[in-house]
Structures are given as C-alpha cells and as structure tokens.
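Please read them with the structure open.

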Amino acid sequence: MRAAVFRGAFDIRVEQIPDASILESTDAIIRITHACICGTDLWPYRGQSPYTPGWQIGHEWMGMVEDVGPDVRTIKRGDRVIAPYDFCDGTCEFCRKGLDSACLQGGLWGYGHERGQAEAIRARFADAALVALPSAVGGDEALLKALLPLTDNMAAGHHAAVSAGVRPGGTVAVIGDGAVGFCATLAALRLGAERIIVLGHQAQRPTLARQFGATEVVTSRGEQGVLQVIEMTGGGAEAVLECVGTEEAITMAVNMTRPGGTVGFVGAPQGSGQIPLGRMFASNIGVRGGLAPARAYLPELLNEVLEGRLNPSPILDLSVSLDEIAAGYAAMDQRQAIKVMVRP
Ligand SMILES: [Zn+2]
C-alpha cells in the first residue's frame, strides 16, 4: 500500500510500504478515506522535533473497516469509523475516568506506530479506540468533512473551553488563529460565551475568526496584546484558551486572565515551558488542560455535528490527494492553508 513517509526536514514522500495487517486479535484494518495534516505534523516537517526518517506520519483519519481480529466485538467489516488521534485500550484506570490521552497502553498514531496519511492502517484496540458512524451518514461528503476535525483539533478546542470553565454569558479570550484556535472559538460559542476575543497576528485571518464566532479580534502580540485585552474587558478575560504552545502564548494567557479565572491550555508546549507562577499566585489564576481526551469527547461532539449544531469543516480549506501530500505540507508550512484534508 502507499503511505506518506517522513524522510527528513521538508521531505515527505509517498512510498510503497507493506500492507496493513492484523497483528493482535483486537486489531482492525481500516481503508482510509479521509485524513488531515495537523499543525503538529509541521514540527517534524520543519525539523523542529525528533522524528526518525522512515517513520510514517499522520494521526487524524477516518475510513471503512476492511477486516477485524477475532476479539473485536463492536466494530464490524463495512462500518465507517472515525478515530481519535490517540489510541487507547478503554479499560485502564484513566480510560475509565475519561482521560484516554493518559491510557496506560495508549499512544498517538505515528511516532513509530501506524499512521493515518496512508491508504490503510492497522488500528489497535479497535473496539475501544474507534467509533462507528451511523449508517445514515453514508458518503455525505459535507458531513464527513465536518466530522473529520473531531479526530483532533475540535477535541482540543473543546478541551480548552471545558478546562477553562467557559460558561454561558462569559467573556473568553482565545490565543491562536490556527485550526485549533478556531475550533476553540466554536467550542466557546457552543458553551454559551457572550464575548469571544480571538488573538492572532496573521493579517488575513481576522475576518475568518469572526466567521467562527469571534466577537472581537486582537492582532497585537506579547505585552501589547495583553494590555489590549485587559483594557477591553476591564481587568482580563475569565477564561483564556491557549491554543499555540509557545512560551510567549502561555505567558500572554496567564497575564490576560482575570483574577480567579482559568487558562485552558491545549497548545503543545514548545521551548522551556516557563509560566508566570508569580502572577498565578498573586491573582489566583488556574492553568488546566493538556492533551485532549479525544476519544472521551467523540460521542458528544459527534452528536453535535450530526444534529447540525457544530461544523468545524471551514478549517479544512485545502484538499489534496495522497500523491499530492508534499504540496499540502508546503501549503500549511507557508501558511497558504489553515489545514489540509488528504483523500487517499
Ligand atoms: Zn486505557
């Protein structure tokens, strides 16, 4: 089968690799119909995180079940399934608590495991990790595109909003105008926030941010951005959703949170990860969040999309075939696309 393979910085190639096959009795083989390039895939792509040349890449995917191992009970051949970016066993202490991202036998697709930017994948713990879509979804492409971000970015945005305690009528600041920031904006809107201030410095994106539900947009960075939000809100936002992961972003988040408020952080930390502990102490600011438990959130968010109350599909503004995937990476790297859908 064909799969995207990382060969070094700025070098993603489509190569012929051995067909996906069942290795454990709880595995399933999925023919991938839709996948995405994630913002975090750009780190190995840019040579900014250790990734071994020869590893497959891609952790966001959906597809059709082609085969199942003898111990798979709920997922059947012919089902259309969606996978969270993290695989999990569904039985350990953390899975039972709804924290599948900390599963004792879990992990992320890729990083040496099976990957989703390919024609097919061997899915571990198929019953626990995968969710079958209702047959009524069929091949409705618009609906499938709206479901695809639930694999990762929409789960992360929702996690930021839940972790920060977004409440009806509340004031929220979202740091980041990428795919996760826009999903966090949608999540804050869905949870009833009245004011949503999106911070991002990409000139072409303020209009987009408004389309996702931002009521105000701030394009200043660093201390200037913080001062602006404090002034606009008369003392800071009670919930701040940090969707970038840099030290600058987390510092901004803590510094623009209203005393007693909470930062929901879902940007994967890059750099030293220092946060302003003094300000957290002096103003009783909480910082919660981390790797989203995407599997635990899937049933709720899936239902929202199926009922027509949530549609993150506009983050997918470019679609490529598997053979064109290198161009998809380049477009995201050069910020010509927010997020790329891959159709193997
Ligand atoms: Zn587990």
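Leaving aside neighbours within four places in sequence, which residues is S283 in contact with? Point 1 takes this up.

1. S283 and its contacts. This is a predicted model. In it, S283 sits in the loop that joins helix 10 (277–282) to strand 15 (286–289). Once neighbours within four places in sequence are set aside, S283 is in contact with P259 and G260. G261 is 22 residues away from S283 in sequence, and the C-alpha to C-alpha distance is 8.5 Å. S283 has a relative accessible area of 14%. The cut-off for buried is under 20%, so S283 counts as buried.

2. The zinc site. Four residues coordinate the zinc ion: D89 through OD, and C92, C95 and C103 through SG. The distances run from 2.1 to 2.4 Å. Along the chain, the donors follow the spacing D-x2-C-x2-C-x7-C.

3. Zinc geometry. Why is the arrangement tetrahedral? The 4 donor atoms subtend angles of 92 to 121° around the zinc ion. For four donors, the test is that all angles lie between 85 and 135 degrees. The arrangement is therefore tetrahedral.

4. Are C92 and C95 buried or exposed? C92 has a relative accessible area of 8%, so it is buried. C95 stands at 14% relative accessibility and also counts as buried.

5. The largest pocket. Its space amounts to about 1300 Å³. The lining holds 50 residues. Nearest the centre lie G39, W43, C243, V244 and Q270. By type, the lining divides into 24 nonpolar, 18 polar and 8 charged residues.

6. Which helices each supply at least two residues of the lining of the largest pocket? They are helix 1, helix 5 (153–163), helix 6 (179–190) and helix 9 (247–255). Helix 9 gives the largest share, 3 residues.

7. The second largest pocket. Its volume is about 150 Å³. It is lined by 13 residues, and D19, A20, Q56, E114 and R122 lie nearest its centre. The lining is made up of 7 nonpolar, 2 polar and 4 charged residues.

8. Q56. This residue is one of those nearest the centre of the second largest pocket. Q56 belongs to the loop between helix 1 (42–45) and strand 4 (60–68). Its relative accessible area is 16%, so Q56 is buried. Beyond four places in sequence, its contacts are A3, A4, V5, I17, Y51, R115 and A118.

9. P53. The loop between helix 1 and strand 4 also holds P53. Not counting residues up to four places away in sequence, P53 touches F6 and R7. Q224 is 171 residues from P53 in sequence, and their C-alpha atoms are 41 Å apart.

10. L148. This leucine lies in the loop between helix 4 (141–147) and helix 5. Its relative accessibility is 0%, so L148 counts as buried. With neighbours within four places in sequence left aside, L148 is in contact with H34, A35, C36, M62, L316 and M341. From L148 to G225 the separation is 77 residues in sequence and 32 Å in space, C-alpha to C-alpha.

Technical notes: Residues are numbered from 1 along each chain as its sequence is written. This is a predicted model: local features need pLDDT of at least 70, side-chain atom pairs count only at pLDDT 80 or more; totals for chains, interfaces and linings use all residues. Side-chain values use heavy atoms; hydrogens and water are left out. Helices (H or I, at least four residues) and strands (E, at least two) are DSSP runs, numbered from the N terminus. Buried means under 20% relative accessible area, exposed over 50%, partly exposed in between (1.4 Å probe, protein chains only). Contact means heavy atoms within 4.5 Å. Donors are N, O and S atoms within 2.8 Å of the metal (3.2 Å for Na, K and Ca); water is not among the atoms, so sites may look incomplete. Four donors count as tetrahedral if all angles lie between 85 and 135 degrees; four count as square planar and six as octahedral if opposite donors are over 155 degrees apart and all others between 65 and 115; anything else is irregular. On a 1 Å grid over the protein atoms alone, a cavity is a set of points where a 1.4 Å probe fits but cannot get out, and a pocket is an open set with protein on both sides within 12 Å along at least five of seven lines; lining residues have an atom within 4 Å of a point. Grid points are joined across faces, edges and corners, and a volume is the space filled by probe spheres set on the points. Ala, Val, Leu, Ile, Met, Phe, Trp, Tyr, Cys and Pro count as nonpolar, Asp, Glu, Lys and Arg as charged, and the others, Gly among them, as polar.
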